[in-house]
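Please read it with the sequence and the structure in view.

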Amino acid sequence: MTSLKGRAVQVAGAGVLGLAIAQTLAEAGAKVTVFDPEPRGRASAVAAGMLAPVFETILDPAAADHFEILMSAREAWPAFAARNGITLHRSGALYSGARQPQARASIEQRGLKAEPRSEGLFSADDWRIEAGPSLALLRRRSSELGVRFRAEGLETPSPGDDAIAATGFLPVRWAPESRVITAIKGQILQVSGVDLNIGASDPVRRRDGGYICPGEGGGLIGATMQPGRTDLEPDGALDRMLAEVFPDLAGVGVAGKVRVGIRGAAPDGLPLVGPSARAGVWLAMGARRNGWLLAPLVASMIRAYLAGDDPGPWAERLDARRFAAPDLEA
Ligand SMILES: Cc1cc2nc3c(=O)[nH]c(=O)nc-3n(C[C@H](O)[C@H](O)[C@H](O)COP(=O)(O)OP(=O)(O)OC[C@H]3O[C@@H](n4cnc5c(N)ncnc54)[C@H](O)[C@@H]3O)c2cc1C
């Protein structure tokens, strides 16, 4: 691995992508400063924490063509989790929706095992972490590696330093390619006071349009997809999703805390990763529903780019300049 010793890097954004990048660059010897004015809009702390290449690409049409990328991102997780002290739950996922025959065929076509069970179709290849505690661990490890944190936005990067836009759904002026990113509001219910009978080592329960994930509180039920919305207010969309996808929970009186986050998305559903047309500027944003899953892969690609190493097989598909040429003067 080529050293980044002596390189000064400014990272905008302390979500999972910004933190994963900051610590990966610091491990390679760079002097890293992370800027973030506030947690508003930070999707990373809100997420369910699924690392789900299998069912994300089967149940989310926008991710149907992303299996190889998402699976290779998942492969980067065991080493990344170990470095950060993150508990990786390899407890799989169970799909009980209407498309089980197609899902089974699709999983087997990929050379993976699909196990029909009485409750649904099980795959052991989707994993998960707990987002809130994992974010705290990433920040702690980054600090241990000497990463500095500043509670302000990065409005104008210092000349001569490398600047990385890891600002989630928020475009930044100095990384013009970020203008293609659009927002998708997401709401998720952190259940309390009701026993959903889902323990930490149980699989995620997936249906068409929603999931129940073990984890913080009594489990998480998510999540809404509300394109174009950037407000952080809970609204009726979550109740509508619950009624539609989990009618069997209606009598249980399921309740808890609604967590709201805003995802960023590029037009093809894949993140923007790599150099801007502007020298010294790099992007790592727009990871849509899979920012946790993608973070270690994205961080290692950014490290390779900065070091002049090979960024790997996904460089072209994730190229930050792959959409219309931005107006660099604006
Ligand atoms: C309800 C929900 C459930 C989800 N579930 C999953 C899941 O199960 N698995 C999964 O992999 N993904 C999931 N996601 C998606 C995942 O959360 C995101 O893809 C990921 O968190 C994006 O991380 P990020 O670091 O790019 O952005 P964010 O976490 O949004 O962080 C961006 C940060 O940049 C900061 N910022 C903005 N502008 C500036 C600036 N100018 N200067 C400095 N800082 C700035 C913001 O304050 C923010 O803190 C979910 C998302 C939601 C909303």
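A residue is called buried here if 20 or more other C-beta atoms lie within 10 Å of its own, and exposed if 12 or fewer do. The structure is a predicted model, and every value below is computed from it. By that criterion strand β17, residues 281-285, is mostly covered, with 5 of its 5 residues buried. The points below begin with that strand and its sheet, and then turn to the helices, the ligand and the backbone.

**Strand β17 and its partners**

- Strand β16, residues 272-275, runs antiparallel to β17 and is joined to it by 4 bridges, with L272 having M285 of β17 as its bridge partner.
- The strands β16 and β17 form a hairpin with 5 residues between them, and in that turn G280 has a positive phi of about 80°.

**The sheet as a whole**

- The open sheet is formed by 6 strands in the order β8-β2-β1-β9-β17-β16, and the pairing within it is mixed.
- Its edge strands are β8, residues 148-150, and β16, each of which pairs on one side only.
- From one strand to the next, the twist averages 20°.

**Helices on the sheet and against each other**

- Helix α1 lies across β1 (8-12), β2 (31-35), β9 and β17, and it runs at about 165° to β2.
- Helix α8 also packs on the sheet, where it touches β9, β16 and β17, and its direction makes about 15° with that of β16.
- Helix α3, residues 67-75, packs with helix α8, residues 291-307, at an angle of about 75°, and the two axes are 8 Å apart. Angles from 65 to 115 degrees count as roughly perpendicular, and therefore α3 is described as roughly perpendicular to α8.
- On the α3 side this contact is made by L70, S72, A73 and R74, while on the α8 side it is made by L293, L294, P296 and L297. Sorted by class, the contact has 6 nonpolar residues, 1 polar residue and 1 charged residue.

**T24 in helix α1**

- T24 has its place in helix α1, and it counts as buried because it has 26 C-beta neighbours inside 10 Å.
- Leaving aside residues up to four places away in sequence, T24 touches A299, S300 and R303.
- Between T24 and S44 there are 20 residues of separation in sequence, and their C-alpha atoms are 18 Å apart in space.

**Around the ligand**

- There are 43 residues around the ligand, and those that come nearest are G13, G15, G168, G186 and G291.
- Helix α1 (16-27), strand β10 (182-191), strand β15 (256-265) and helix α8 each supply at least two residues of the shell around the ligand.
- By class, the residues of this shell divide into 22 nonpolar, 14 polar and 7 charged.

- The peptide bond from G222 to A223 is cis, with omega near -20°, and A223 lies in the loop between β13 (220-222) and β14 (226-227).
- N197 is a residue other than glycine with a positive phi, near 60°, and its place is in the loop between β10 and β11 (204-207). N197 is exposed, because 9 other C-beta atoms lie within 10 Å and the limit for that class is 12 or fewer.
- R288 likewise has a positive phi, of about 50°, although it is not a glycine, and it is found in the loop between β17 and α8. R288 counts as buried, because it has 26 C-beta neighbours inside 10 Å.

Methods. Residues numbered from 1 in each chain as written. Predicted model: local features only at pLDDT ≥ 70, side-chain atom pairs only at ≥ 80, totals over all residues. Axes fitted to C-alpha atoms, helices over the stretch in contact; angles between N-to-C directions. Parallel < 35°, antiparallel > 145°, perpendicular 65-115°, else oblique. Contact = placed C-beta atoms within 7 Å. Nonpolar A, V, L, I, M, F, W, Y, C, P; charged D, E, K, R; others polar. Pairing = 2+ DSSP bridges. Near = placed C-beta within 6 Å.
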